[in-house]
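Please walk me through this structure as if I had never seen it before.

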Number of protein chains: 2
Amino acid sequence: MSGSDQLSAVFSALADPTRRAILAELADRDATVTELTAPLPISMPAVSRHLKALERAGLISRTRSGKLRMSRIEAAPLREAAEWIERYRRFWDTSLTRLDAHLAAVQAAGRPTDRTTHGSACPDRESPSKAHDKEN
Amino acid sequence: MSGSDQLSAVFSALADPTRRAILAELADRDATVTELTAPLPISMPAVSRHLKALERAGLISRTRSGKLRMSRIEAAPLREAAEWIERYRRFWDTSLTRLDAHLAAVQAAGRPTDRTTHGSACPDRESPSKAHDKEN
DNA sequence: ACTACATTTAACGTGTTGGTTAAGTGATTG
DNA sequence: CAATCACTTAACCAACACGTTAAATGTAGT
């Protein structure tokens, strides 16, 4: 989809196993394109373009030193991604089950649901209309 | 990329703002396709296919009750995604800066780096070769 | 059975993605 | 200054994503 907004770009970047592998590599040490390509089953141009995608998402930065081009992880955008996901923690974290049940009960009072385990609460009503207008 | 593995499917699903909006909606209450379509600027068939993508990623489950088809959030896979991202927390969480500096120093002893803020440590060496073999 | 409603599937257009190889760019090295 | 190294860009292709409208499916009501 491309995803012009930050969050979309980040999730989109993370959706590719090759790019996740690159990030894992860069978590250990900064690396050149050649170094990053070595363990991968794809050509250098392909890697170059993955790096471009990661850069677009703000997940890496790059500096040229001589003829080498170093990539450095820049994981700040992951914070936003983590925070987005965290809002759904109650749906998988069992320690929140009781709170969930309570909230479900509260909501059930107002409007009947057959939901037993969870229901109600926060995650942002993130209007996609804007995104659509922007990117189509 | 499509991404046949779980993590790829999840991140791929989250990469679309419309799908994130749908998840946010479903966090409040189970809903029918019609209900989900209402606030969105796209047609029902389009929504139907977004739901298919979310289902493929394991992020929702669906049951038919009469002529209605209810979608329910099933956020368990988000846990895996959150855990993956968490491995990079040290790259953005300032409270870990000192530990980072320490680890960087330790690594610098063995092999010189100009990395001042962070370096070293864990994230999985997730080989993308397998994924490629599987999905191409 | 006919009709209406809810949703999916089909067919189609278009843009994007991820890979390839071949050619271009820029800095270092002989 | 020519050759080489480290990349990037261009050109191309197959597959997919995302939207549309029109037709098909399935369930409920009359």
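The paragraphs below go through helix packing, the nonpolar core and the salt bridges.

This is a predicted model, in which local features need pLDDT of at least 70 and side-chain atom pairs count only at pLDDT 80 or more, while totals for chains, interfaces and linings use all residues. Residues are numbered from 1 along each chain as its sequence is written, chains are lettered from A and ligands numbered from 1 in the order in which they are written, and side-chain values use heavy atoms, with hydrogens and water left out.

Helix 1 of chain B is a place to begin. Helices here are DSSP runs of H or I with at least four residues, numbered from the N terminus. Buried means under 20% relative accessible area, exposed means over 50%, and partly exposed lies in between, for a 1.4 Å probe and protein chains only. Of the 9 residues in helix 1 of chain B, 7 are buried, so this helix is largely enclosed by the rest of the structure. The buried residues are B:L7, B:S8, B:A9, B:V10, B:F11, B:A13 and B:L14. They pack against elements of both chains: helix 1 (6–14), helix 2 and helix 5 (76–86) of chain A, and helix 2 (17–28), helix 4 (44–56) and helix 5 of chain B.

In soluble globular proteins, nonpolar side chains tend to be buried together. A nonpolar core is a set of buried Ala, Val, Leu, Ile, Met, Phe, Trp, Tyr and Cys residues joined through side-chain atoms within 4.5 Å. The largest such core has 66 residues, and A:I85, A:Y88, B:I85 and B:Y88 touch the most other members. Contact means heavy atoms within 4.5 Å. Apart from neighbours within four places in sequence, A:Y88 is in contact with A:P123 and with residues of chain B, including B:R20, B:L23, B:A24 and B:L78.

How do helices 2 and 4 of chain A cross? Their axes come within 10 Å and cross at roughly 80 degrees; axes are lines fitted to C-alpha atoms, for helices over the stretch in contact, and angles run from 0 to 180 degrees between N-to-C directions. The two helices are therefore roughly perpendicular, a term for angles of 65 to 115 degrees. Helix 2 of chain A contributes A:T18, A:R19, A:I22 and A:L23 to the contact, and helix 4 of chain A contributes A:V47, A:H50, A:L51, A:A53 and A:L54. By class, this contact has 6 nonpolar, 2 polar and 1 charged residues. Here Ala, Val, Leu, Ile, Met, Phe, Trp, Tyr, Cys and Pro count as nonpolar, Asp, Glu, Lys and Arg as charged, and the others, Gly among them, as polar.

In chain B, the axes of helix 2 and helix 4 also come within 10 Å and cross at roughly 80 degrees, which makes these helices roughly perpendicular.

Across all chains there are 12 salt bridges, each a side-chain nitrogen of Lys or Arg within 4 Å of a carboxyl oxygen of Asp or Glu. One of them pairs A:R20 with B:D5, with the closest N and O atoms 3.0 Å apart. A:R20 lies in helix 2 of chain A and B:D5 in the segment before helix 1 of chain B, so the pair joins two chains. A:R20 is buried, with a relative accessible area of 1%. Another salt bridge, between B:E83 and B:R79, has its closest N and O atoms 3.1 Å apart. Both residues lie in helix 5 of chain B, 4 residues apart, about one turn of the helix. B:E83 is partly exposed at 41%, and B:R79 is partly exposed at 44%.

Note on methods. Parallel < 35°, antiparallel > 145°, perpendicular 65-115°, else oblique.
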